Amino acid sequence: MKELKYIKEFFLINNSEQAGDEIFDLLKKIIPFEEGYIFYVPPVKLKYSYNAKAKTPQDIEGNCLRGDLIYRTVKFGEIILKGENFTEKDEELFDLCTSIISDVIKNIEILDIINLHSKSLAKINGKLRKAEEIKTNFLSHVSHELRTPLNSILGFTELVGLAGELNGKQSEYINDIKIAGLRLLEMVNEILDMSKIEAGSMTLNLREFETETAVYEVLNTLKPLILNKNINLKTEIKNCTIKADYQKFQQILFNLLSNAIKYAKKEILIKLKQEDNFAVISVNDDGKGISEENYEKIFEKFEQLGESKNSSTGLGLTITKELVKMHNGEISVKSVPEETTFTVKIPINFPPSL
Ligand SMILES: Nc1ncnc2c1ncn2[C@@H]1O[C@H](COP(=O)(O)OP(=O)(O)OP(=O)(O)O)[C@@H](O)[C@H]1O
Ligand SMILES: [Mg+2]
């Protein structure tokens, strides 16, 4: 026991790189062995070997004493002694030595290990940030490039009818092009918006407008989809004036309404009214509904429930929530089978005057 105390004191004042050799020199005085090794847990690549070339712990065969180096229940390394005739007493001493050596190495090495970890983490984080930046730039560039021709396709679907009368089949096909184009445009816009939100470059363009106008314009855009599904659309609209971002206000509505169209069986009800200093909009559909345990999940990025994965990104509600938040508003959902209502409250005067 006297020797163990001595070892501890000795190590504590020796914090040099030769610590490995010194550990083994001292161990030699207590336990007879031929080769010695200290391996650290990856990614730390440090290792010491004594009297032989260092290998991996698995390569060391034959009669060995093996002990884990542990710091606060976390294994950070392993010490191995190779020899011939270890006795029970040697094993006991080795166990004791291992715990002391853990403690000592922790003092002299752990700082190196932490440094190594934080250096490599900083490097990885730097690379991730760069990759994120490239991804955002790429997405916003590609989305822009896609939007222009898409808008032109949609524009021409409007013009075809003006160029001459279309027969029934022709109108039907044009309507199909319009629906597919709208869907594609929605997806492109979502990707562009999400990349802007993530890059923190989404800004509000505030102006005063009539909420009624904004709602009817959105309904008009989505008309082909509503007609296509033969949905009975009901509205209870009480106009109010609001100061907000017109395009984003419409987008909130567009996202909620396009979801409602996707899931409604027969009917959608849209309500708009002013309540205190808020414009309150609700979109109600008679579809399959959302169970309460999924109320939060549906607002997360790329989350889609059940079989709704076709030709959509799962970003709609995430973006909607962000846009509402940017206006200091609130969004909530309530659903029972055959009745789902999304409610949005937006302050009519943003930013609220003090
Ligand atoms: N009115 C609704 N009725 C039932 N489920 C809904 C309704 N609105 C949203 N959901 C569920 O929430 C999920 C997420 O909606 P979100 O609008 O974010 O994505 P999406 O509509 O699937 O795709 P995207 O809007 O990006 O095209 C949907 O996939 C669907 O499972
Ligand atoms: Mg959606």
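Guide: Let us begin with the surroundings of the ligand: a residue is near a molecule if its C-beta atom, placed from the backbone, lies within 6 Å of it. The model before you is predicted.

Visitor: Which residues come nearest to ligand 1?

Guide: Of the 24 residues around ligand 1, those that come nearest are Gln-304, Leu-305, Ser-312, Gly-316 and Leu-317. Helix 4, helix 6 and helix 7 are the elements that give two or more residues to this shell. Helix 6 gives the most, with four residues.

Visitor: How do the residues of the shell around ligand 1 divide into nonpolar, polar and charged?

Guide: Seven are nonpolar, twelve polar and five charged. Gly counts as polar in this scheme.

Visitor: Why is helix 7 said to be largely enclosed by the rest of the structure?

Guide: A residue is buried if 20 or more other C-beta atoms lie within 10 Å of its own. Eight of the eleven residues of helix 7 (residues 316–326) are buried, so the helix is described as largely enclosed by the rest of the structure. The buried residues are Gly-316, Leu-317, Thr-318, Ile-319, Thr-320, Lys-321, Glu-322 and Leu-323.

Visitor: What covers the buried residues of helix 7?

Guide: The cover includes helix 4 (168–199), helix 6 (246–263) and strand 10 (330–336). After helix 7 comes Asn-328, which has a positive phi, near 60°.

Visitor: What makes a set of residues a nonpolar core?

Guide: The members must be buried, belong to the nonpolar types Ala, Val, Leu, Ile, Met, Phe, Trp, Tyr and Cys, and be joined through C-beta atoms within 7 Å. The largest such core has 29 residues, and Val-218, Leu-253, Leu-256, Leu-257 and Val-283 have the most contacts inside it. Among the elements that each supply at least two residues of this core are helix 5 (211–228), strand 9 (278–285) and helix 7. Helix 6 gives the most, with seven residues. Leu-257 touches Val-218, Leu-222 and Val-283, leaving aside residues up to four places away in sequence. Another core, of 17 residues, lies apart from the largest one and has Tyr-37, Tyr-40, Leu-81 and Phe-94 among its members.

Visitor: How many residues of the protein count as buried, as a percentage?

Guide: Of its 354 residues, 24% count as buried. The protein has seven helices and eleven strands. Among contacts between residues at least 6 apart in sequence, 66% join residues at least 24 apart.

Notes: Residues numbered from 1 in each chain as written. Chains lettered and ligands numbered in written order. Predicted model: local features only at pLDDT ≥ 70, side-chain atom pairs only at ≥ 80, totals over all residues. Buried ≥ 20, exposed ≤ 12 C-beta atoms within 10 Å, placed from the backbone. Contact = placed C-beta atoms within 7 Å.
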